[in-house]
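Hi,

Here is the structure I promised to pass on. Have a look at it, and then read my notes below.

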Amino acid sequence: MFCSRASRALLGVLAVSVTVACSDSGEEPGGSGGGPGERKPQPVLTAAAEYAYETTSLEAVGTSRALKSVTIESAVSGEVVEVNFSAGDKVEQGQVLLRLDDRDERLAVQAAELELADAERQLDRYQRSVQSGGVTQSDLDDARSAVERARIALERARVDLNYHTIRAPFSGYVGLTDLDPGAWIDPDTAITTLDDRSTLLVRFELPELLLGKLQRGEDIEVTTWSNRFAQATGTIVDVSSRVDEVRRTFTLRAHVDNANDVLLPGMSFRINLSLQGNRYLSVPEVSVQWGGEGAYVWTIEDGKAQRVAVNLIERNQRGVLVETDLQEGAPIITEGVHIVRSGMDVRPLNAELGENDGAYRDSGESEEGEES
């Protein structure tokens, strides 16, 4: 399975070991200079067990809306005299989108200005006359009240006039409109839509089992269902405070940057999540064996092979996460597992062959200086 120099060297050593073990001499193979009955340690390759986190990968479907989105309507009824935008235009905050006929309102403002001017002149005359006793304090108070009423009437007239000019409440892109000059509208008439889509707000749901796994500020990966758009990164900004008692899900919202304006509100997204779970020991997949009592691996204690039961949790790109009594850094036999037996003397070849971890080598790895 592995094409490293250590693996091929080990195969050669194992072939010699099997040949010696199967000889018909009737004697145990001896060590160098050893007598009969002394068995040579079995050569193996090992990898150190290491801790890794369990990961849960899942997909969710999210629906987007603009960060700010409104339907523009009028506060008053009136005849349209100007339409100053086209569908898809980028408009700035305060820009005039539409005007209604406001001739009566302009006249009302002028009349209110005259009333205010008259009230102020009357108050000024009373203030000059109060010292001579020609005006009572009550008359002076009434004049002051008249000025305030006139000022309020003027402000109301100006508000009414302002209602006849429809402006963009924030910067964004306007949508379609069916209005033309001459049309009559009322407060129930939708003029157009306005979206600030520089950032999209993506809403999605997750099972309640994952409640607490994602927090505000965490990044997520989002992709559209069309290959024309690149993958984007979103940041979670809201987590709902309750679980839907029917669907057994909770809702999250994420901001997705759309500064290049390639995404539109209302698009759906595939949301890829990789959630970190509990911490387990990770062993190479090739080291896991199966027996009558379940899965196990071989480790080395005091130079002898020891069989250790494991409970498989998860397979990933690095190996297999297992529940076991082993400690981090324990040597796990990765090659030679089919020959070793419990209590057998073993000899790791990693250091001798200049390899630290044969089990994790890429099968396509180049080996400089190796003879063909």
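To start: is Glu148 buried, partly exposed or exposed? Glu148 is partly exposed, with a relative accessible area of 42%. (Buried means under 20% relative accessible area, exposed means over 50%, and partly exposed is in between, using a 1.4 Å probe and protein chains only.)

Before you go on, remember that this is a predicted model: local features need pLDDT of at least 70, side-chain atom pairs count only at pLDDT 80 or more, and totals for chains, interfaces and linings use all residues. Residues are numbered from 1 along each chain as its sequence is written, and side-chain values use heavy atoms, with hydrogens and water left out.

Now the salt bridges (a side-chain nitrogen of Lys or Arg within 4 Å of a carboxyl oxygen of Asp or Glu). Searching the whole structure turns up 19 of them.

Glu148 has one with Arg151, at 2.9 Å from N to O. Both residues sit in helix α3 (residues 137-162), three residues apart, or about one turn of the helix. Helices (H or I, at least four residues) and strands (E, at least two) are DSSP runs, numbered from the N terminus. Arg151 is partly exposed too, at 32%.

Another pair is Arg270 and Glu59, with the closest N and O atoms 3.8 Å apart. This one links distant parts of the chain: Arg270 is in strand β13 (residues 268-283) and Glu59 in strand β2 (residues 50-73), 211 residues apart. Glu59 is exposed at 53%, while Arg270 is partly exposed at 23%.

Finally, Glu113, Glu155 and Arg158 are joined in a network of salt bridges.

Cheers
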